[in-house]
Amino acid sequence: MDVDLIFKIAGIGIIVAVLSQLLKRSERDEQALMITIAGLVIVLLMLVGEISKLFDTIKSSFGF
């Protein structure tokens, strides 16, 4: 796993947190929730590739 991936996830988390707080303070709770869900989906899509690499490494290590 790259350190770049960790920084990307942290950056997305910070941006989502700031946008969510701004929207909540302007009483747009539904949009804040949608921003939070979108951020979660983006991070999960980034992790899918890394998890795939992990399973491929495990398969090749054990000879499956």
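This is a predicted model: local features need pLDDT of at least 70, side-chain atom pairs count only at pLDDT 80 or more; totals for chains, interfaces and linings use all residues.

Biologist: Then where does E50 fall, and why?

Modeller: E50 has 26% relative accessibility, so it counts as partly exposed.

Biologist: How many salt bridges does the structure hold?

Modeller: One. It joins the side chains of E50 and K53, at 3.6 Å from N to O.

Biologist: Where do E50 and K53 lie?

Modeller: Both are in helix α2, residues 29-62. They sit three residues apart, which is about one turn of the helix.

Biologist: What about the span of α2, what should it be and what is it?

Modeller: α2 has 34 residues, and at 1.5 Å a residue it should span 50 Å. The end C-alpha atoms are 49 Å apart, so the two values agree.

Biologist: Which residues of α2 are buried?

Modeller: A32, G39 and V43. The buried residues of α2 pack against α1.

Biologist: New topic. What is the phi of E27?

Modeller: Near 60 degrees, a positive value in a residue that is not glycine. Most residues other than glycine have a negative phi.

Biologist: And where is E27 placed? Is E27 buried or exposed?

Modeller: E27 is in the loop between α1 (3-25) and α2. Its relative accessible area is 72%, so E27 is exposed.

Biologist: Last one. What follows α2?

Modeller: G63 does, and its phi is positive too, near 75 degrees.

Note on methods. Residues are numbered from 1 along each chain as its sequence is written. Side-chain values use heavy atoms; hydrogens and water are left out. A salt bridge is a side-chain nitrogen of Lys or Arg within 4 Å of a carboxyl oxygen of Asp or Glu. Helices (H or I, at least four residues) and strands (E, at least two) are DSSP runs, numbered from the N terminus. Buried means under 20% relative accessible area, exposed over 50%, partly exposed in between (1.4 Å probe, protein chains only). The expected span of a helix is 1.5 Å times one less than its number of residues. Contact means heavy atoms within 4.5 Å.
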